[in-house]
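Here is a short briefing on charged side chains and where they pair up. Take a look at the structure first, then read on.

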Amino acid sequence: MDKNLKKRLQALLNAIVAEANTNENFAKKLSDALEIGDYPADKPKTESNAKRGANRRDPAILDPVQMVMDGDSSLPQRLNSLTEKELKDIIADYGMDSSKLAMKWKNKEKLVELILDTAARRASKGDAFRD
């Protein structure tokens, strides 16, 4: 390594350390950037403190696959009572639309049908290997 480069890098690191020792806000930013120390970035995110991105949908309000597996026959009625946005939240949360076409649909019946079909397929997946 070039001696001049080594001296400059050492001077830079010394300046960063000196600033972190005197400026608590700067030290927190460094800790967050490096994901070390006793600051909030170290703590695992839980549902209560995790922020969803601006482009993320809300979590689903029900699990249609589990309802089908439990034999709940009220699923079609429950889905029909939901709004278009809530149906799209279910589709997005459970990855029911790999082509991302359903997010453009305006027809609630098509959204409900997609959820029912996908939930039924997922609930019966692996039945050939069960007794």
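Partly exposed means a relative accessible area between the buried limit, under 20%, and the exposed limit, over 50%. Lys-85 has 41% relative accessibility, so Lys-85 counts as partly exposed. Keep in mind that this is a predicted model. A search of the whole structure finds 4 salt bridges.

**Arg-57 and Asp-89**
- Arg-57 pairs with Asp-89 in a salt bridge, and their closest N and O atoms are 2.9 Å apart.
- Arg-57 sits in the loop between helix H2 (24-34) and helix H3 (64-69), while Asp-89 sits in helix H5 (residues 84-93), so this pair ties together parts that are 32 residues apart in sequence.
- Is Asp-89 buried or exposed? Asp-89 is buried, because its relative accessible area is 4%.
- Arg-57 has 28% relative accessibility, so Arg-57 counts as partly exposed.

**Asp-58 and Lys-85**
- Asp-58 forms a salt bridge with Lys-85. The closest N and O atoms of Asp-58 and Lys-85 are 2.7 Å apart.
- This pair links distant parts of the chain. Asp-58 is in the loop between H2 and H3, Lys-85 is in helix H5, and the two are 27 residues apart.
- Asp-58 has 41% relative accessibility, so Asp-58 counts as partly exposed.

**A network**
- Which residues are linked in a network of salt bridges? They are Arg-57, Asp-58, Lys-85 and Asp-89.

**Lys-88 and Glu-84**
- The side chains of Lys-88 and Glu-84 also meet in a salt bridge, at 3.0 Å from N to O.
- Both residues are in helix H5. They are 4 residues apart, so about one helical turn separates them.
- Lys-88 is buried, because its relative accessible area is 6%.
- Glu-84 has 24% relative accessibility, so Glu-84 counts as partly exposed.

**Gln-66 in helix H3**
- Where does Gln-66 lie? Gln-66 lies in helix H3.
- The relative accessible area of Gln-66 is 35%, so Gln-66 is partly exposed.
- Gln-66 and Arg-122 are 56 residues apart along the chain, and their C-alpha atoms are separated by 9.4 Å.

Key:
Residues are numbered from 1 along each chain as its sequence is written. This is a predicted model: local features need pLDDT of at least 70, side-chain atom pairs count only at pLDDT 80 or more; totals for chains, interfaces and linings use all residues. Side-chain values use heavy atoms; hydrogens and water are left out. Buried means under 20% relative accessible area, exposed over 50%, partly exposed in between (1.4 Å probe, protein chains only).
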